[in-house]
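Subject: Structure handover

Hello,

Here is the structure for your files. My notes on what turned up follow below it.

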Amino acid sequence: MLTTTTPTLLAAALLAVSTLSFARPAPQPPKNTLIVPFVNHHAAARRTEGYNPLRVIERDASRLKSKQIGSTSIQGPGLVTPKREVTGAREPYDVGLTRRATGKKRQSSATASLENESDIRYVTDVSVGTPGQRITGVIFDTGSTDVTVLGKECTICQGPLYDPEKSSTFKSLNQTFGGQYGVDHVLVGAVGSDTVSLGELSVQDQVFAVISNASSSSSDQPGVSIMGLGFPANSAIGGVPWFINLVNQGSLASNVFSFYLTQDEAKGSELCIGCIDSSKFIGQPEYFPV
C-alpha cells in the first residue's frame, strides 16, 4: 500500500499477479496454485504519442467477448476452476475514464467506499453466505493472505456477525485457526468455506476462518474481519486468497486492485477491484514486478 504526504492525494496500491523473483530463495507456493505473470505492455504504450485510452477500452471489451473458455481445470482447497486461460494482466481497466465515456463501469470490476478510521485502517462491507450476510468493518489488507470473518460465537466482537447456520452454502473443513493480526490482536476460530462477495464480484467456496474468540490489550475492538490480499504461499489455513480466486476464474477486467486513501479522516477513500480510477490521481501509474 502506498501513501503520500499530501492530504487527500492518491495513495494507490496496484497489485498485478506476477512471477516472483527474490534475491534469496522464496517460499514455494502451494501446489495447484495458478500464478499469473504480469505483462507491462501497457506501460510502454502509454509513453507513445499515438496512445488513446478510449481505444484500449474498446480493445479490451472486444477481447472479453471473443475470449474462448480455457480447458484447464485446477483443483485445490478454496480454488475455483478458471473459466478461461489466463496469460497476463491486460491494460489496467480505468473505471474513471469509462465512467466519463459511457456513464457506467464494467461488470467485471467493483468499487467500494472505504471508511477512514483515524488514518490507521480503512474498512468497508462484504457479503458472506447464501443468502448474503452483510459483514461490516472489513479490512482489505495487503500484508496478510487469509480471509477472517467474525462469527456469532465471538461474544466480545462487535456485529453484525456471521452465522454459518443461516447460510445454505457454508461448509465446515474441520480445521481450527489461530493467528495474530497487527501488534496484539489474537484471533481464534474454525476454518470453513462459503460464498464471499464484494459488489458484483463473487467467489464460491472461498476458504476462510470463522472467528469465535478474540483478544487485544490495546483495543476495545479486538475482533477483526480481514480480506487478505497477500501471496498464496503465506496462507496459514491453506486457502487461496479471494483476489487470486477472482483472477483464476476470469472475473476481472484487469488483474489489479487499487486504493485511494484520504488523510485526516476525510471522506472519499475508495477500493477498486479489477480497475484503477484515473480521476483520483495525477500522472501515470508506474508498475514494478513484486
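In these notes, a contact means heavy atoms within 4.5 Å. The model is a predicted one, and every value below is computed from it.

Contacts of Phe140

Leaving out residues up to four places away in sequence, Phe140 touches Tyr122, Thr124, Val126, Leu198, Met227, Leu229, Trp242, Phe259 and Leu271. Phe140 has a relative accessible area of 3%; since buried means under 20%, Phe140 is buried.

Nonpolar cores

Phe140 also belongs to the largest nonpolar core, which has 32 residues. Together with Trp242 and Ile273, Phe140 touches the most other members of that core. The element that gives the most to this core is helix H4, residues 242–248, with five residues. There is also a second, separate core of 16 residues, and Val123, Ala209, Ile211 and Val224 are among them. As general background, nonpolar side chains in soluble globular proteins tend to be buried together.

Aromatic rings

How many aromatic pairs are there? The count comes to five. One of them is formed by Phe140 and Trp242, with 6.2 Å centre to centre and 75 degrees between the planes. Planes over 60 degrees apart count as edge-to-face, and the Phe140 and Trp242 pair is therefore described as edge-to-face. Phe140 lies in strand E4 (residues 133–141) and Trp242 in helix H4, so the pair ties together parts that are 102 residues apart in sequence. Trp242 is buried, at a relative accessible area of 0%.

Elsewhere, Tyr162, Phe170 and Phe208 are linked into a cluster by ring pairs. Tyr260 has a charge over its ring: the charged end of Lys280 sits there, 5.8 Å from the ring centre.

Disulfides

A search of the whole structure gives two disulfides. With the bonded cysteines of the protein chain numbered in sequence order, the pairing reads 1-2, 3-4.

The torsion about its S-S bond is about 55 degrees, so the disulfide of Cys154 and Cys157 is right-handed. Cys154 is buried, with a relative accessible area of 1%, and Cys157 counts as buried at 9% relative accessibility.

The other joins Cys272 and Cys275, whose sulfur atoms are 1.7 Å apart. Cys272 and Cys275 are both buried.

The chain as a whole

The protein chain has 290 residues, of which 48% count as buried. Its secondary structure comes to four helices and eleven strands. Taking contacts in the protein chain between residues at least 6 apart in sequence, 66% join residues at least 24 apart. The accessible surface of the protein chain is about 14800 Å², and 51% of this belongs to carbon and sulfur atoms.

Regards

Note on methods: Residues are numbered from 1 along each chain as its sequence is written. This is a predicted model: local features need pLDDT of at least 70, side-chain atom pairs count only at pLDDT 80 or more; totals for chains, interfaces and linings use all residues. Side-chain values use heavy atoms; hydrogens and water are left out. A disulfide is a pair of cysteine sulfur atoms within 2.5 Å. Buried means under 20% relative accessible area, exposed over 50%, partly exposed in between (1.4 Å probe, protein chains only). A nonpolar core is a set of buried Ala, Val, Leu, Ile, Met, Phe, Trp, Tyr and Cys residues joined through side-chain atoms within 4.5 Å. Helices (H or I, at least four residues) and strands (E, at least two) are DSSP runs, numbered from the N terminus. Rings of Phe, Tyr and Trp (its six-membered ring) pair if their centres lie within 6.5 Å; planes under 30 degrees apart count as stacked, over 60 as edge-to-face and the rest as tilted. A charge sits over a ring if NZ of Lys or CZ of Arg is within 6 Å of the ring centre and within 35 degrees of the ring normal. Accessible areas come from the Shrake-Rupley method with a 1.4 Å probe; for residues, only the protein chains shown count as cover.
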